[in-house]
Amino acid sequence: MATGRPQSLVSTCDQWMRATHDGTALEMASGDLMLSWTDPEAEEPSGDCTPGRGRTVDRMCRVYAAYPDRIDRIAVGETDGTVDYHAQPPPVTVIGEDPAAPGARLTGATFMSSAPPSLVDATGLAIDEGDRLYVGDRGRSTISVIDLWSRRLLRTVQVATPLSPDRHPVALTSVGSEVVALVDRPLGIIRFSAWRGPVEEPLPDALADAPNPTTAVSIAALPSGRPVLLVADAQGSGWLVADGVPAHEVGPATGIVVDVDGTVVVAPCPSSGRRLALRRWSPGPTWEKALP
């Protein structure tokens, strides 16, 4: 809200999401305002709990989405008040082969479909503050760094080592000019940039609070740069793990992000009715549930 104005009309969902809330929530589909909000009961997942392969956003607000053998760029189209995802232009394949035109070469200010790196099993995307795209490939156990402006492959970081030949990337998150990668087999964190690293980082002490064994699922970074991990126990339940706060069970989940307020947003596994209710948790002495 503007300084000096005690009240202002909220006319779009975007404005609502940027505001501070106290016991209120907005039903996005109908636009109804709930003045006494309670967290809906979590539904049992349907069994389809595959972690997301990764999405990220460049400085021009274009979304990049990972698929097993390609990376698509999604531009938000013209909207009237709120983002209408049905009005978006079709996605552009920037790495890999365009499924709509097999064998065709992409033209214009984008990558060619034959440009390196080719992907075997893409998992994990991030863009640093210099608009460099980092692409994890589980099949090759590598992370490639690509300059989005010159469309050049800058470097490829090998994740597997002679002592850990099965180690592979799972998820990526950017912290300024660096990227932090969550890797598995064995579980670990590595930090690197377009020019330096990788450097192995210690896992959060709170990982000892989570049941063993754990499987890597997702990673995000708090405003301080401190990483937050989402790991899954043997029963498939997700746990939030970060330094300085005890591990916290959040149920079956596919990924996490951190919003501008430093709140961790958890994407649960879809229920049998394909419903998703995002969960928000604020780190402090303990994890506290936050309103939407």
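Mentor: Glu178 is found in strand β12, residues 178-184; strands are DSSP runs of E with at least two residues, numbered from the N terminus. Keep in mind that this is a predicted model: local features need pLDDT of at least 70, side-chain atom pairs count only at pLDDT 80 or more, and totals for chains, interfaces and linings use all residues. Residues are numbered from 1 along each chain as its sequence is written, and side-chain values use heavy atoms, with hydrogens and water left out.

Trainee: Why is Glu178 called partly exposed?

Mentor: Its relative accessible area is 29%. Buried means under 20%, exposed over 50%, and partly exposed in between (1.4 Å probe, protein chains only), so Glu178 at 29% is partly exposed.

Trainee: And what makes the Glu178–Arg191 side-chain pair a polar contact?

Mentor: The two side chains are 3.4 Å apart there. A polar contact needs a pair of N or O atoms within 3.5 Å; within protein, one must be able to donate a hydrogen and the other to accept it, and residues adjacent in sequence count only if both atoms are side-chain atoms. The 3.4 Å pair therefore qualifies.

Trainee: How do you know that the charge of Arg70 sits over the ring of Tyr67?

Mentor: The charged end of Arg70 is 4.2 Å from the ring centre. The rule asks for NZ of Lys or CZ of Arg within 6 Å of the ring centre and within 35 degrees of the ring normal, so Arg70 is listed as sitting over Tyr67.

Methods
Helices (H or I, at least four residues) and strands (E, at least two) are DSSP runs, numbered from the N terminus.
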